[in-house]
Amino acid sequence: MRRLVLTIATLCLFSFSSFSLCLAAAQQAPDSSSPPQEQPKKDSDKDKDKKDKKKKDKAKSQDPYDSAVFSQAVANSVLNDLRDGLEGHSQRLVLSAFDQDKMEGYLSFEDQIEAMMQRYDSFRVHFRISQSTIEGPNGVVLADFEMEEIPRAGGAPIRRNGQVKFEMERGRKGWKIVDFNPRGFLS
């Protein structure tokens, strides 16, 4: 009987020590369910972040639409939008080059552009800025415009060319066209 009690006591002691070792090992092992702790950034990572931020700031400052001062780059950007809208047959993009709040007769002009898009299947546009000046808050651009229109009803392409005067002004969405002359050129 004494031998049996001694065996049971030895087994209990062995089981208790095994359980304690397992518990201690579990506490020392990293917890796989918790998210990994963020490692402090290395100096090379910080330098890369600074370079990326500088690139973004530089790109933002070079955006002609955000420029406070009118320049030929601003005029080119605005007229490129106009050309891209016509060649892409996108009324929305054409109208985005114009300031609907400041342009006199914008609603009738919008109708003109819609009718033009319905009348012609495609456009090819070429322009060259011959002069750009600043008059008060506005930029004034004289551009030699050539436009080829392919009628939707078929027939020969219609070609127009001439000098168009654009007035541009900086608004809440950047530089936009607020007036142009002759108005019949885009109809």
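The model is a predicted one, and the protein in it has 187 residues. Its secondary structure comes to five helices and four strands, and these follow one another along the sequence in the pattern α-α-α-α-α-β-β-β-β.

**Overall make-up**

- Of the 187 residues in the protein, 28% are buried.
- The accessible surface of the protein comes to about 13,100 Å², and carbon and sulfur atoms account for 53% of that surface.
- When contacts between residues at least 6 apart in sequence are considered, 55% of them join residues that are at least 24 apart.

**The backbone at H89**

- H89 belongs to the loop that runs between α3, residues 72-87, and α4, residues 91-96.
- The phi angle of H89 is near 50 degrees, which is a positive value in a residue other than glycine.
- Is H89 buried, partly exposed or exposed? H89 counts as partly exposed because its relative accessibility is 27%, a value that falls between the cut-offs of under 20% for buried and over 50% for exposed.

- P182 is found in the segment that comes after β4, the strand covering residues 174-181.

Key:
Residues are numbered from 1 along each chain as its sequence is written. This is a predicted model: local features need pLDDT of at least 70, side-chain atom pairs count only at pLDDT 80 or more; totals for chains, interfaces and linings use all residues. Side-chain values use heavy atoms; hydrogens and water are left out. Helices (H or I, at least four residues) and strands (E, at least two) are DSSP runs, numbered from the N terminus. Buried means under 20% relative accessible area, exposed over 50%, partly exposed in between (1.4 Å probe, protein chains only). Contact means heavy atoms within 4.5 Å. Accessible areas come from the Shrake-Rupley method with a 1.4 Å probe; for residues, only the protein chains shown count as cover.
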